Amino acid sequence: MQTSSESDNGLAIRCEGIGKHYRIGLRPRYRTLRDTISDMARAPFRMLASRGNTPARVDRDVWALRDLSLEMPHGEVLGIIGRNGSGKSTLLKILSRITRPTEGQIEIRGRVGSLIEVGAGFHPELTGRENIFLNGAILGMTRRVVDQKFDEIVEFSECGRMLDTAMKHYSSGMYVRLAFAVAAHLDTEILLVDEVLAVGDAGFQKKCLGKMGDAANQGRTVLFVSHNMLAVDSLCTRAICLHEGRVVLDGPAPSVTSRYLQTWLPAFKEVHYDNVETAPGNNVVRLHRARIRPLNRAPTDQLTVRTAFAVEFECWKLASRARLTFVADVYNEHGVNVFTTASKGDCTVSVGLLRASFIVPADLMNDGTFRICLLVSLNGHAGAEDIEWNDLLAFEIHDVASEIRGDYHGHWSGALRPNLEWRTELIESFPASGAGAQVLL
Amino acid sequence: MQPTDVAKLTIRATDKSWSLNWGEFWQHRELLYFLTWRDIKVRYKQTVLGVVWAVMQPLAIALALTVFFGRVVHMPSDNLPYPVFAYAGMVLWQFFAQALTESSNSVVANERLISKVYFPRIFVPLSAILASLLDLVVSLLVLALFLAWFHIAPSAPIVLLPFFVLPAVLTSLGAGLWLSALNVKFRDVRYTVNFLMQFWFFATPIAYPTSSVPVRLRLLFSLNPMVGIVDGFRWTLRPEGAFPAQSFTLAVFTATVLLMTGVYYFRRTEDTFADFI
């Protein structure tokens, strides 16, 4: 008994068998009364249908988290990794009390600050100064605390000049900097952070990462959800990997991230969804299929640095007036954005299933594990937000002998390994021996 | 960090209690202030007339009522001149209608906040109502001008005026809690609210006095809490007749029932707002 109470006191967070159940298809779209009435009207028919041995529509029920237990001692910095839809964000939302778990119990000791999105509650009509106070209050800071830290926040944000200007006149970079600056000064004992570091330019990202490191060193308990393996490795003492709502890896951060990259991530050279109603997306675009296809080879062949391959996305377009732009970001295993490519012009085709693809030529990629994030911009289509699918695809490119390597067989460094034409030519030859030496001397 | 002296929080899958967490409200009290302040600050941004709009709306409708009901139909107006009668009713009605409409839409309008940050959700509809109180204060000042213009000297009961605003606040909060929570799941609410407010307007003695309602229907009529509230409010301006005790008591009762059930429904659904919004 004594030992258990002692260990309990050392725990900041204890989750016991938590699960979160969603009815997919109902969640992304809001319900109208008509839906409920038609659901009720359909219910008896559904019962008849299931009696007739037709499979019921069970695919609409999804457990975003299932039977997850987790203990975090005070002062631990825990990284949470996993593919999109593995339950990372749901876990943070439950811990920060944005939504309630369907089952299980959680005990938290200490004040919780959650940074699931920076700048939540910023109002474009208010000035930067006003928004600092508003956002601070929303994050749970008292006015006295904001007053004390005001100068620090302003200095961190690098927006001092614009402080009394309405935020609608801010550039997106300034907006994000001010948002993070407020959030970074949250001084709760427990901090829940969701990928807020992926903001701003490289310099500011570094600054944010430093601030996170400070939080970790001050003995605060931090939960850090990220796709950036380098950040997880450098910030976290421990990491867990979620897959389909369960913990599949748990241990020291570097070993979890490397096992994740090796065994869990590469399994997704192709994803597809057959049901337009349950596929990820919104009422404008839904994902049918995404895949990596080697050109001129069997689809099952492994990719090498010498293989050209196509990246294909197939989507259902559900609104004829939407103008779509596809943007693909390719990252390597270190979280480096190797390149970004976007479909040119707007895709204005009418509704239906459409395919967007691009080809990565042979002799461009270095070997390693890569992942692709797809952003579908709706160009301000009313009633829907742009879609971002992180880690939609992941694939491995293998090394093979090639002419580029020549006689070198060691590790080939660099984010890319393009086959560039080298020309070596003589600009001026020395005159016949003897004479050349005389010229130089 | 001393783990022994920090707050302990337990989250369970089901929370059957429906009592309000007053300690938490106190902890977040500044947020209520800031949300109200934001709503006030933003409401008249980039308008030329600014807060004058708070007076324009009840004034314009009171003018229309005076022309059509006062002059054309010769509607009785108890012991007040018809323009004062109509404007006094409109001031309170405008507050109620605005508070209810704004609070019904408030939860959905603050979708990003609710799906990304935790705070007592009840602050969202509540701050919408508190922000509407500013407009009420401004239009009450104009009511004072009306009284001066029509040579109505305020008598002692005028100090009771705020007590008739309070049940209007409670009614709008009760209905606002119901509608804002329903709006998360059923966006039909947005369209229903406009319709509801028009219907409610006709069911409330703004353009006509309660005395013109047949006596046998009075009790049924007074089930609408706004009946007793508006009558009581007008009574404080010129307390010559009898105080509408029956309808006002009934109003306090129905307003309380509406508020209690509203709090209950809101409490039961707020935990999953983020899943549906």
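This is a predicted model: local features need pLDDT of at least 70, side-chain atom pairs count only at pLDDT 80 or more; totals for chains, interfaces and linings use all residues.
**Entry 1: chain B overall**

I began with chain B. I counted 12 helices and 1 strand in it. Next I looked up how compact chain B is. Its radius of gyration is 21 Å, close to the 19 Å that the globule rule gives for 277 residues, so chain B is as compact as a globular protein of that length. I also took the spans of the C-alpha trace along its principal axes. They come to about 70 × 45 × 40 Å.

Then I checked burial in chain B. Buried residues are 43% of the 277. I looked at contacts in chain B between residues at least 6 apart in sequence. Of these, 80% join residues at least 24 apart.

**Entry 2: chain A overall**

I turned to chain A. It holds 10 helices and 18 strands. I found 36% of its 441 residues buried. For contacts between residues at least 6 apart in sequence, 70% link residues at least 24 apart in chain A.

**Entry 3: the two domains of chain A**

I looked up the domain assignment of chain A. It gives domain 1 as residues 65-266 and domain 2 as residues 268-398. The C-alpha centres of the two domains are 27 Å apart. I then asked how many residues of each domain are in contact. Domain 1 brings 10 residues and domain 2 brings 13. On the domain 1 side, helix α8 (residues 229-235) of chain A gives the largest share, with 3 residues. I sorted that side of domain 1 by class. It has 6 nonpolar, 3 polar and 1 charged residues.

**Entry 4: the open sheet of chain A**

I traced a sheet in chain A next. It is open, has 6 strands and runs in the order β5-β6-β7-β3-β8-β9. The pairing is mixed. Which strands are at the edges? I found β5 (112-115) and β9 (246-252) of chain A there, each pairing on one side only. The twist averages 15° from one strand to the next.

I also looked for a helix packed on these strands. Helix α3 (residues 88-95) of chain A lies across β3 (77-82), β5, β6, β7 (221-225) and β8 (238-243) of chain A. Helix α3 runs at about 145° to β7(A).

**Entry 5: strand β6 of chain A**

I stayed with one strand of the sheet, β6(A). First I followed the pairing with β5(A). The two strands run parallel and are joined by 4 bridges. I noted two facing pairs. A:G113 stands opposite A:L191, and A:S114 has A:L192 as its bridge partner.

Then I followed the pairing with β7(A). Here 5 bridges join β6(A) to β7(A), again in parallel. In this pairing A:I190 faces A:T221.

Is β6(A) enclosed or open to the outside? I found 5 of its 5 residues buried, so β6(A) is largely enclosed by the rest of the structure.

**Entry 6: where chain A meets chain B**

I then checked what β4(A) pairs with. Strands of a sheet pair through backbone hydrogen bonds, either parallel or antiparallel. Here 5 bridges join β4(A) to strand β1 (residues 8-12) of chain B. The two strands run antiparallel. I picked out one facing pair: A:I108 stands opposite B:L9 in β1(B).

Methods: Residues are numbered from 1 along each chain as its sequence is written. Chains are lettered from A and ligands numbered from 1 in the order in which they are written. Domain bounds come from an automatic or database domain assignment. Two residues are in contact if their C-beta atoms, placed from the backbone, lie within 7 Å. Ala, Val, Leu, Ile, Met, Phe, Trp, Tyr, Cys and Pro count as nonpolar, Asp, Glu, Lys and Arg as charged, and the others, Gly among them, as polar. Two strands pair if DSSP finds at least two bridges between them. Axes are lines fitted to C-alpha atoms, for helices over the stretch in contact, and angles run from 0 to 180 degrees between N-to-C directions. The radius of gyration is taken over C-alpha atoms; the globule rule is 2.2 Å times the number of residues to the power 0.38. A residue is buried if 20 or more other C-beta atoms lie within 10 Å of its own, exposed if 12 or fewer, and partly exposed in between; C-beta atoms are placed from the backbone.
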